[in-house]
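Morning, everyone. Please have a look at the structure on the screen. I'll go through it step by step.

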Protein chains: 2
Amino acid sequence: MQKLYIVKIGGNVIDDEVQLEKFLKDFSHLKENKILVHGGGKVATEISRGLGIEAQMVEGRRITDAETLKIVTMVYGGLINKKIVSKLQSYECNAIGLTGADANLLLAEKRPVKNGMDYGFVGDVKKVHPGPLIHFLSMGLTPVIAPLTHNGEGSMLNTNADTVASSLAVGLSANFSVELIYCFELNGVLENFEDKNSVIPSMNEEKYQELKQAGIISKGMVPKMDNSFDAIREGVSAVVICHADDLTDIVTHKNIKGTTLKSDG
Amino acid sequence: MQKLYIVKIGGNVIDDEVQLEKFLKDFSHLKENKILVHGGGKVATEISRGLGIEAQMVEGRRITDAETLKIVTMVYGGLINKKIVSKLQSYECNAIGLTGADANLLLAEKRPVKNGMDYGFVGDVKKVHPGPLIHFLSMGLTPVIAPLTHNGEGSMLNTNADTVASSLAVGLSANFSVELIYCFELNGVLENFEDKNSVIPSMNEEKYQELKQAGIISKGMVPKMDNSFDAIREGVSAVVICHADDLTDIVTHKNIKGTTLKSDG
């Protein structure tokens with residue numbers, strides 16, 4: 001099977017022009033099939049504030065009311081997505097920017113209200129349609145995916161970028177040997193958050209559960225890890241969590257960096 | 001040759017929820033190959049104002065400074081494009097929203113400063129790459145194109161939607177029998193602007209030049225007409241200018257409405 005890299009780039013890198021440019025240059029040099037999934041960054045919050053809309057957050061997730069849905073559709077699907085696409089084009093990478101609504105890639109349903117908690121227009125992925133992406137890759141195109149889905153009934157939905165990346169990785173694992181790479185501003189999963197070099201080089205699910213119970217892996221890292229082990233169980237070859245600067249090293253295996261997640265088997 | 005409809009929908013219809021919904025339903029029912037190009041509408045101006053940026057207009061064209069470029073990239077490429085795509089998906093039309101940067105469809109150059117007049121980040125189309133669109137159509141996808149291009153050097157550019165539509169029509173005319181349909185809020189090209197029913201049913205370029213010199217065709221209609229006759233000279237089969245409500249009638253030939261532009265030959 002052909003190799004496919006699905007690379008997710010987080011919000012903090014997107015907010016930093018210099019880091020983003022370096023990352024996109026590195027990404028554009030990957031020779032294999034590749035898909036980029038990007039997060040949101042602070043721009044959506046800044047623009048909301050500029051328009052007098054205060055972003056509400058619960059457990060690290062944005063509450064998406066109707067106005068916020070408009071903002072994230074604009075900022076993620078328009079501003080950030082097209083900024084990345086036009087930059088990649090300038091590096092001779094034939095990028096195509098998409099959301100989950102385009103070509104019906106990611107059908108989602110509005111997250112149900114639970115214990116009185118309504119996330120608003122947040123979508124949980126229900127179905128991935130990998131067909132168009134397989135076509136685009138065979139045409140030499142590089143899909144760049146914004147963290148937006150749709151409900152099939154005319155509404156966009158806001159979906160966590162980590163989840164978009166892992167859903168796509170699983171959805172494409174029947175056709176490709178998929179390696180999912182989460183790039184962010186840390187060197188990997190850390191044993192000690194105070195020591196940026198205390199990277200855990202590899203982990204299986206058993207070890208993850210131990211570290212979670214010990215409180216070593218917590219907060220924002222938990223959904224990322226849960227997503228990753230789900231993806232591995234469902235056919236993704238490998239998941240790496242690493243610093244955005246280390247993408248080239250990881251792909252070329254010049255240097256083992258970041259945290260590699262492995263199946264229990 | 002297979003038939004291809006390139007339909008452009010103008011800003012006034014986009015601003016009207018009810019009209020837009022009817023139009024998109026009609027469009028989704030077209031059986032032939034089809035591409036939709038959409039304009040901007042007033043939303044960009046409203047959001048600019050909300051953020052304290054005043055839109056500058058010269059000769060009916062927006063001056064695109066760096067901040068305005070961000071706004072139009074967000075609003076045209078994100079908000080409006082994905083609203084249309086998600087609506088079309090709900091009508092079982094497998095839409096894919098794109099800008100000229102995506103798949104390098106429309107390469108443009110920043111309009112040169114002339115007589116001290118700098119339009120800012122406005123792009124004049126330099127090269128159309130029809131290949132990806134031909135692929136997408138063969139996959140059963142319906143491209144929905146926002147009026148944005150890129151310069152190949154990492155920057156998006158703002159391009160008039162009528163020009164995007166006619167450039168695509170010309171670029172695809174070697175592969176399809178292209179009919180270009182401009183839909184807007186009037187019944188066609190009017191002989192007398194005060195009488196909304198004084199539609200000129202058809203026109204060749206000679207008659208257009210007469211009407212232009214007589215001042216009957218003026219203002220915003222002039223670039224649309226110039227674009228149209230350029231397109232016909234360069235291989236587009238027919239151009240129709242009509243009311244958004246009349247799309248189905250025009251395509252099914254149940255009723256001849258609007259203004260049809262013909263070659264001189």
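Start with Cys183(B). Is Cys183(B) buried or exposed? Buried, because its relative accessibility is 1%, and the limit for buried is under 20%. Now chain A. Cys183(A) is buried as well, with a relative accessible area of 1%.

Keep in mind that this is a predicted model. How far can we trust it? Chain A has a mean pLDDT of 93. In that chain, 98% of the residues reach 70 or more. For the model, ipTM is 0.95 and pTM is 0.96.

Back to the cysteines. A disulfide is a covalent bond between the sulfur atoms of two cysteines. How many disulfides are there over all chains? The count is 0. Take Cys183(A): its nearest cysteine sulfur belongs to Cys242(A), 3.9 Å away. In chain B, the nearest cysteine sulfur to Cys183(B) is that of Cys242(B), at 3.9 Å. Cys183(B) is in no disulfide either.

Next, two helices in chain A. Helix α2(A) covers residues 17-29, and helix α4(A) covers residues 66-90. Their axes come within 10 Å. At what angle do they cross? Roughly 55 degrees. α2(A) and α4(A) therefore count as oblique to each other. Their crossing is right-handed.

Which residues meet there? From α2(A), they include Leu20(A), Leu24(A) and Phe27(A). Glu17(A), Glu21(A) and Ser28(A) also take part. On the α4(A) side we have Lys83(A), Ile84(A), Lys87(A) and Leu88(A).

Definitions and conventions. Residues numbered from 1 in each chain as written. Chains lettered and ligands numbered in written order. Predicted model: local features only at pLDDT ≥ 70, side-chain atom pairs only at ≥ 80, totals over all residues. Heavy atoms only, no water. Disulfide = S-S within 2.5 Å. Buried < 20%, exposed > 50% of the residue type's maximum accessible area, 1.4 Å probe, protein only. pLDDT = per-residue confidence, 0-100. Axes fitted to C-alpha atoms, helices over the stretch in contact; angles between N-to-C directions. Helix = DSSP H or I, 4+ residues; strand = E, 2+ residues; numbered from the N terminus. Parallel < 35°, antiparallel > 145°, perpendicular 65-115°, else oblique. Left-handed = near helix turned anticlockwise from the far one by under 90°. Contact = heavy atoms within 4.5 Å.
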